[in-house]
Amino acid sequence: MFELKKFRKKSPWILHFNAGGCNGCDIEILACLAPKYDIERFGMINTGNPKQSDILLITGPVTKRTRERLVEVYNQMPEPKVVVCCGSCASTGGIFRGMYNIEGGVDQFIPVDVYVAGCACRPEQIIDGVVVALGILEEKTKEIEKTIKLANKPVVEEDGQVNRRNMPAELTYETAV
Amino acid sequence: MQSIIILSILVLLAPLVGGLVYGIERKVKARMQNRMGPNILQPFYDFFKLADKRLVMVHSTHAFLGVMHFISIWVAVAVLIFGGDLILVIFLHLLSTALLIMGGFSTRSIFSHLGANRTAISILAYEPVLIIMAVSIYAVNGSFQISSIIGSEPLLYKMPLTFIALLLILPIKLKKSPFDVAEAHQEIAGGAEIEYSGIFFEAIYTAKWLDYIFVYALVFLFGGSNYLLGAGLVVGTFIYLNALDNSSARVDYRQMLKFSYFVALPVAFINLLITLFN
Amino acid sequence: MRSLQLLVLSLFALPPIAGLLLLILPKVLGRIVTILSVVALSAISVYLFVNFDKPFQILIPGYSDKAVMIADVLLLAYFAFIAIKRKSVLVGLLTIGQAIALGYLIKLLGNHEGGIHAQFYVDRLSLFMFLLINIVSGIIATYSLQYIDEEDCSPYRKKFFMFTMLWFIGVMNLVVSADNLEYFFLFFELTTLASYIFISFRKDKESVTNALRALWMNQIGGIAILGAMIFSLSTIGYETLSFQTLVTSAHTVGLLLPLALLAVAALIKGAQMPFSSWLLGAMVAPTPVSALLHSSTMVKIAPFIILRLAPAIKGTHLSLAIIALTGFVFLAAAISALAQDNFKRILAFSTVSLLGLMILMAAIGTQTAIVTSLILILFHGISKCMLFLNAGVLEKKFHLKSALDMDKLAESGPFTSFIVCIGFISLMLPPFGAFIGKWFSIEILGSTLRETRGLTALVMLAIACGGAVLSLLYFKVMGLLIARSGEKDKVTFETTHPLYNINLVLLLSLILAGVICLPFLLIGYFGPVASDVLGSAVAVDVQSNFSISIGNMSFPVIPMILAFLVLPVSLFISLFVRFKKVDRVKEYACGEKIDYKFNSFYFDTEFLLPYFKAVGLVFFALIIILTVI
């Protein structure tokens, strides 16, 4: 039968999210798109739009400010989707770990499929990581993937300037989405 | 009867051909940048992949308008291929763009709104030129019917300036750099189409392929009965558009409007006057 | 024939009688009387159109001429009273001017030994206008029963408002069937008076200023008509006061000055720049008034007069000057509208713009152009009426006047926002009637380019650009009021008063029915009317390939059916369709969840308006100069 599944591998669209890093990894990701590494030959496009992408490339440690945005963007991606953490900061918090404004690695909040090590990670490594992610992508189902924390943990917005809404009530993703 | 069947098949195949054109375009663009580029069938891979995603939308009205955008642009292309009235075809195409714009406006999404606003402005930029083009064709040919235009002498020799004006506004129409403010992927992440996902985005994506067919069919008209010339023009336009897209930076929407009204429109208008006084 | 004449007379008499009854009767009975009379008026106008076979005249006994003259004098006296009461020098001067012209005219009439002319002439064009006036204004009258009830004023003034509205409908019926110019002048001035009463209804300072402006501008039109009568009486060859004789003998006489003066009166009534400000000022009145003035009645006198003149002025310098003016106004008004935020002002500018297009088409005067003009008059009337009535609902129910505040309208009032959408779309996109007007006008101008050696090429350019600017304008407004958040997936319609709802739905179904019936309307309705206008048969035929040919144009039916399925039907469905098995996500805003306020691009074109008016004035001067030379 005509398998739609196998086309996932052939056209993975990328969403790049900087959760609060130093831009080192971001530059490497952009280098992947440039003529030297040219990941478009695998059919990848950097869409910049969660609703149309399959792979979430995250760089940098999760800060208090980006946490909710990260979860929101993750939730807006339709399944099947994979998450790739680029660099040590995104994987564990890296050298920022334990700082007052840092929440830690990405995997505390959303399920991560591939960790790419390095500070900053090299373009070859990123391509390698994405290729591994493609294998995972092909096996995934269309079941809704839930975020890890935030579901029951009340969130207090310390600075009311940006977001005055009652986040805990809105962020019960276990039931809502 | 036989011609009707052939034309119907052409209409049905239009999205396929458009997808192929898009695939070739991505390849050509990559080669121009000294990249390898994706497979030529890449748009179809994207198509099938998008069909396999979980269904997600903002609200039903928005999703439905996206699908109707695709259908309406297909209608416009069908009327064009069947040789209808040129101005009617231009307005039917406007209708399809209107549905996209309304889709963009129907959500409470900032990027969507920005994109829809800019799309409306780009209509302002290119539509008068298209209409002047249609009227010039009438002045030369004595008919607005596409079926009679395609059977007449090549239009290119009589209205080269109009063709140049058309070339100048085509990047606006196809949302190509330097006039891609309406889409502006790095700036507003795709504009009016941003909120569509999965199978609904597929409709928008395929509509884009049909847009290629529409535009290149308009270019093909300039060849008249000389189909070889028409095909040559299409290829030339294709290369020109991609070279321009690769080599230019995006301009502001005000600059785009100014360019359209002070360069493209006068050029088309001068040609109209020349044909009238000949 | 006799019965038809009686029916036409009943069209004149019924509205004022109903209005008088309304003044006496209590509220509920008054409502019933109004609705009944409106239904009767509509039924009569439809019956007339169906059973009509050839144009006829109506002769009224001779002493009514004297009565008309006395009414003229009384009217001028009232204008003088207004001028003194409001201390308006301009109105006073113009009234004196009118009085002098009228006196001269009476003296001329004394010398003039003309035969007895019929005072009224009813042809299909009049019947066409009857249909538009009675049905659309009837809907407005029913609507304003409720609207004026919610207005903050005394019960007497409410009744007086309805009374004015009803007699105004009667006067409109008279205007479109008057043949004697003397009568025509009286009715023209009565409409001016009605506009003064309507606009000054709210009695505040702005209303009075605007009402006085409307008064003096339209008085210039009155002077132009008086001038036309004087010139027509004193020119050898015309020596007549009959509209029909004037038009038919224009070719043999050659001097077009009376016609030019009539055209000037028409253009002023039609609010062409620089006289657009009276119509724009009219929005201070209660909204039904705007609906009445903009859609079916007052301003439609302009294309009506030009249509009457069309056979005489076709191909002359006069028609070229009118074409140039109206083409310019079409573009200029559209550009000026872009700067506006107030919903009613936007609508008003778009009316001015589209009126320009109607008059332009009428002035071109070819078969197809006349048909196009008629199509535009009808469908613009219905669409604009719906939009204005909806503006009234917006004001009364949602307390919204500026388009910028309509941010969340689609959530609180989905039906209202849907009506606005359909209204705007029906003015610009296929398959709606107004779009057909735009499309045909471009093709007509394109096909007349050769004959005018490119003189109309600039006008064509203006139409092409103006059409695009108008689309941008409509998109701009629509974009402000159709945004709905993802949580409001299921549309629950708001409840408004049934008198509002029924009328809006009625207009909506008229628009949609107009689209569906357009092929039949072209054959059985617009074609015959255009033949009567031109005095020669207009060929509207069905061709083998499912298209209808009008003159040298063809109207393809199949693409129109497809467009109908794509646009209006899909918009309807899009309101009700629910994709059940699809999950919802929030809108993308880089992960933020702030509720944004939406706005539109700001276009700074307000400063151009004085220049536009100056250019308009030059064109007006050109109309007179070209005809004198």
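The notes below cover the model and then each stop in turn.

## About the model

This is a predicted model: local features need pLDDT of at least 70, side-chain atom pairs count only at pLDDT 80 or more, and totals for chains, interfaces and linings use all residues. Residues are numbered from 1 along each chain as its sequence is written, while chains are lettered from A and ligands numbered from 1 in the order in which they are written.

## A helix pair in chain C

Helices here are DSSP runs (H or I, at least four residues), numbered from the N terminus. In chain C, the axes of helix α5 (residues 124-149) and helix α21 (residues 498-534) come within 12 Å and cross at roughly 175°. Because of that angle, α5(C) is roughly antiparallel to α21(C) (over 145 degrees, with angles running from 0 to 180 degrees between N-to-C directions and axes fitted to C-alpha atoms over the stretch in contact).

Contact means C-beta atoms, placed from the backbone, within 7 Å. Among the residues involved are F128(C) and Y143(C) of α5(C), and L506(C) and V529(C) of α21(C). The contact divides into 12 nonpolar, 3 polar and 2 charged residues (nonpolar: Ala, Val, Leu, Ile, Met, Phe, Trp, Tyr, Cys and Pro; charged: Asp, Glu, Lys and Arg; polar: the others, Gly among them).

## Where chain A touches chain C

Chain A brings 14 residues to this contact and chain C brings 9 residues. On the side of chain A, helix α2 (residues 64-76) gives the most, with 7 residues. By class, that side of chain A has 4 nonpolar, 4 polar and 6 charged residues.

## L20 in chain B

L20(B) sits in helix α1 (residues 2-32) of chain B. L20(B) is partly exposed, because 17 other C-beta atoms lie within 10 Å (20 or more would be buried, 12 or fewer exposed, and partly exposed is in between). L20(B) and P43(B) are 23 residues apart in sequence and 7.5 Å apart in space, C-alpha to C-alpha.

Terms used: Helix = DSSP H or I, 4+ residues; strand = E, 2+ residues; numbered from the N terminus. Parallel < 35°, antiparallel > 145°, perpendicular 65-115°, else oblique. Contact = placed C-beta atoms within 7 Å.
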